[in-house]
Amino acid sequence: MKTYFKLVRPDYGSFHDQKFIWPVKGVVEVANAALNGRCGVGLHLARTVKDGYQYVQFPFRILRVRPLSPIFQLDLSRK
């Protein structure tokens with residue numbers, strides 16, 4: 001399966017929801033993931049590290065992510 005990237009704060013916290021801490025390894029699941037217009041409820045991943053730059057601020061960590069199930073929606077217009 002394809003590898004995606006998630007850019008997170010140095011403490012592994014999400015830039016969007018600072019209460020959410022990403023695990024260094026393991027499984028992350030969103031029970032209520034659903035489409036909701038252009039941006040749904042669920043995990044937001046970047047196709048490349050460069051694609052994720054606009055959503056973070058320095059400093060950050062880079063996590064490699066391999067989805068275990070199909071991607072709901074791929075928005076190719078967001079770069």
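Q: Is Phe20 buried, partly exposed or exposed, and why?
A: This is a predicted model, by the way. Phe20 counts as partly exposed because its relative accessibility is 30%.

Q: And Trp22, buried or exposed?
A: Buried: Trp22 has a relative accessibility of 8%, and the cut-off for buried is under 20%.

Q: How many aromatic pairs are there in the whole structure?
A: A search of the whole structure turns up three. In one of them, the rings of Phe20 and Trp22 have centres 5.4 Å apart and planes at 85 degrees, so this pair is edge-to-face.

Q: Nice. What sort of pair do Phe58 and Phe60 make?
A: A tilted one, with 5.0 Å from centre to centre and 40 degrees between the planes. Phe58 itself counts as exposed, because its relative accessibility is 70%.

Q: Which residues make up the aromatic cluster there?
A: Tyr53, Phe58 and Phe60 form one cluster.

Q: Changing topic to lysines: what does the charged end of Lys2 sit over?
A: The ring of Tyr4, at 5.5 Å from the ring centre.

Q: Where is Lys6?
A: In strand S1, which covers residues 4–8.

Q: Which side chain of opposite charge is nearest to Lys6?
A: Asp17, but that one is 10 Å away. Lys6 is buried and has no salt bridge.

Q: What lies 2.9 Å from a polar atom of its side chain, then?
A: For Lys6, that is the backbone oxygen of His44.

Q: What else is Lys6 in contact with, leaving aside neighbours within four places in sequence?
A: Besides His44, its contacts include Trp22, Leu45, Arg61 and Ile62. Leu63 and Val65 are also in contact with Lys6.

Note on methods: Residues are numbered from 1 along each chain as its sequence is written. This is a predicted model: local features need pLDDT of at least 70, side-chain atom pairs count only at pLDDT 80 or more; totals for chains, interfaces and linings use all residues. Side-chain values use heavy atoms; hydrogens and water are left out. Helices (H or I, at least four residues) and strands (E, at least two) are DSSP runs, numbered from the N terminus. Buried means under 20% relative accessible area, exposed over 50%, partly exposed in between (1.4 Å probe, protein chains only). Lys and Arg count as positive and Asp and Glu as negative; His and the chain ends are not counted. A salt bridge is a side-chain nitrogen of Lys or Arg within 4 Å of a carboxyl oxygen of Asp or Glu. A polar contact is a pair of N or O atoms within 3.5 Å; within protein, one must be able to donate a hydrogen and the other to accept it, and residues adjacent in sequence count only if both atoms are side-chain atoms. Contact means heavy atoms within 4.5 Å. Rings of Phe, Tyr and Trp (its six-membered ring) pair if their centres lie within 6.5 Å; planes under 30 degrees apart count as stacked, over 60 as edge-to-face and the rest as tilted. A charge sits over a ring if NZ of Lys or CZ of Arg is within 6 Å of the ring centre and within 35 degrees of the ring normal.
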